[in-house]
Amino acid sequence: MKVQALQILNNGEQLRLPPTSDTWRRRYPARLLVIDVAVVIWAVAGAFLVRFGFADSPINRDGEYIILSLALIIAWCLMLGFWGSREARILGAGSEEYKRVIAASAWLFGFVAVISYALRIDTARGFVGLAFPAGVIGLLAARWLMRQHLTVDRRNGHSSSKVLIVGTLPAAIHLVRSLRTQPAAGYLPVAVQVPTSEANAGSALGLGIPITASGLGVSSVLTAIETAGIDTVAISSGAPLSPTDLRQLGWELAARDVGMILAPALTDIAGPRIHTQPVAGLPLIHVSTPKLTGGKKVAKRTFDIALAGTLTLLLFPLFVLIAVLVKATSRGPVFYVQERIGLRGTSFRMLKFRSMKLNADNELQSLLAAQGTADRPLFKVDNDPRITPVGRILRKYSLDELPQLLNVLGGSMSLVGPRPQRDTEVALYDDAAHRRLYVSPGMSGLWQVSGRSNLSWEESIRLDLYYVENWSLMGDVLILAKTFKAVFASTGAI
């Protein structure tokens, strides 16, 4: 029996999608194999021609480099397969696919270098030096293009693993909703199995997929697999399955070529913080504590100073133009200065180009009260009447925030971090929200590139806490890259 996949849209409507097929597990790796072969041939042949050309061809030297090139092409393609870079479970999302491509290539060329040195083989360094970077860049670019195609396919309900979620109702609901936020990962929830006592409550939640009741034993899970055509079983936290049941279930799933996922009750924790260590036959999960101290702190600060200083110099003419427009079109100062709360709860003076009429702060509380949001930490006025015509353009493209580059240079802000808020907003924080203050506030952040002011407070705080818990310098670089796209998309501008 085929189960029609349902996708819950943002407006609450249900979109019925065609059933997925496991043929994608063979189709996409096969396509990647063809692409890998083509890219590797291109890289090796290109390096050969650039290094030797046609006039100085080494073919006359017993064809040694022709043989080397053919061997390199074959070995490279085999190494990509050996390192599992075409495994279906890593395709579509995350960095694991790219890491394996780089690792396979680096090990191959490292092996070539060691063999050449040990056997005193005079390998042309220019040939190898061209083939390696060209091949890696070409492979990564090709994988990225294929990933875009796969992502679109998965957003349409195809080329995904059909997942049966087993566990208690709250954990199962959380897992369903989490998987639906990342369709590119390729896990499509099609059925949920909960204890009998929770089935009626679950059916009323409108998840759009069957919620069945059972004793959550091995036999009931296997029955659900056969009924719904499941190819992956996700065991959520709290599932009343004994270690013996889990072991038996793993054997049964392996015999049916069905994957098994254990989803622990860890939310918003990035992969680098999670380490698995087998102890006494138990796969213990270690979660490292996030710390922005020492070398990490120095690296982030150095990055901020270098990039903020460069941007300030490059954008100085734009600063002058905006200042003239603000001053010429409305009464008041060019800059708007406001006390905000920063690192560890300390206050600082945040700079912006003025985008509102004079004394606009005096009207804030009355406007918030009128729309019924005065008790929420995210002070946001819909269709704000205080914004000037020039200010509306500045805000649309976030140009009003450019003076905050001076805050970054001064050390009170960072290029990336949680959005700084007023003391009256911070006063409404709960214990979780206070963790936003563990790092310096930023000009941009995860919530700005994930929806900007269209996000609710709950969504914004979740993204900011994820940033605080999982900071990395590469993460900052990616957020800044996405900031440019988010700003010029001009959706959800504050």
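How many helices and strands does the secondary structure of the protein come to? The count is 16 helices and 13 strands. Helices (H or I, at least four residues) and strands (E, at least two) are DSSP runs, numbered from the N terminus. The model is a predicted one, in which local features need pLDDT of at least 70 and side-chain atom pairs count only at pLDDT 80 or more, while totals for chains, interfaces and linings use all residues. Residues are numbered from 1 along each chain as its sequence is written, and side-chain values use heavy atoms, with hydrogens and water left out.

The protein has 494 residues, and 44% of them count as buried. Here buried means under 20% relative accessible area, exposed means over 50%, and partly exposed lies in between (1.4 Å probe, protein chains only). The accessible surface comes to about 26,300 Å². Carbon and sulfur atoms hold 63% of that surface. Accessible areas come from the Shrake-Rupley method with a 1.4 Å probe; for residues, only the protein chains shown count as cover. Among contacts with a separation of 6 or more, 70% join residues 24 or more positions apart. A contact means heavy atoms within 4.5 Å.

In soluble globular proteins, nonpolar side chains tend to be buried together. A nonpolar core is taken as a set of buried Ala, Val, Leu, Ile, Met, Phe, Trp, Tyr and Cys residues joined through side-chain atoms within 4.5 Å. The largest such core has 27 residues. Phe-353, Leu-415 and Tyr-467 have the most contacts inside it. At least two residues each come from α10 (316–329), β11 (347–353), α12 (389–396), α13 (404–410), β12 (414–416) and α15 (457–469). The largest share, four residues, is supplied by α10. Leaving aside residues up to four places away in sequence, Tyr-467 touches Lys-300, Val-416, Gly-417, Pro-418, Val-439, Leu-446, Asp-476 and Ile-479.

Helix α3 spans residues 96–118. Its 23 residues reach 32 Å from the first C-alpha to the last, close to the 33 Å expected at 1.5 Å a residue. The expected span is 1.5 Å times one less than the number of residues. Buried positions in α3 include Glu-97, Tyr-98, Arg-100, Leu-108, Phe-109 and Val-112. Arg-120 follows α3 and has a positive phi, near 55°.

Ser-330 sits in the loop between α10 and β10 (335–341). Ser-330 counts as buried because its relative accessibility is 17%. Its contacts, not counting residues up to four places away in sequence, are with Arg-354 and Thr-388. Ser-330 and Val-390 are 60 residues apart in sequence, yet 8.7 Å apart in space, C-alpha to C-alpha.

The whole structure holds 16 salt bridges. A salt bridge is a side-chain nitrogen of Lys or Arg within 4 Å of a carboxyl oxygen of Asp or Glu. One of them joins the side chains of Arg-143 and Asp-36 (2.8 Å, N to O). This pair links distant parts of the chain: Arg-143 lies in helix α4 (residues 125–155) and Asp-36 in helix α1 (residues 24–52), 107 residues apart. Arg-143 is buried, at a relative accessible area of 1%. Asp-36 is buried too, with 1% relative accessibility.

Arg-349 pairs with Glu-339, the closest N and O atoms being 3.9 Å apart. Arg-349 counts as exposed, at 54% relative accessibility. Glu-339 counts as partly exposed, at 42%. Lys-352 forms a salt bridge with Asp-400, with 3.4 Å between the closest N and O atoms. Lys-352 is buried at 10% relative accessibility, and Asp-400 is buried at 2%. Salt bridges that share partners also join Asp-36, Arg-86, Glu-97, Arg-143 and Arg-147 into one network.

On the surface, Ile-274, Ile-285 and Val-287 form a nonpolar patch with about 200 Å² of accessible area together. Patches are made of residues with over 30% relative accessible area and no salt bridge; like charges are joined within 9 Å, and nonpolar side chains (Val, Leu, Ile, Met, Phe, Trp, Tyr) within 5 Å. Ile-274 is found in strand β8 (residues 274–279). Ile-274 counts as partly exposed because its relative accessibility is 31%.
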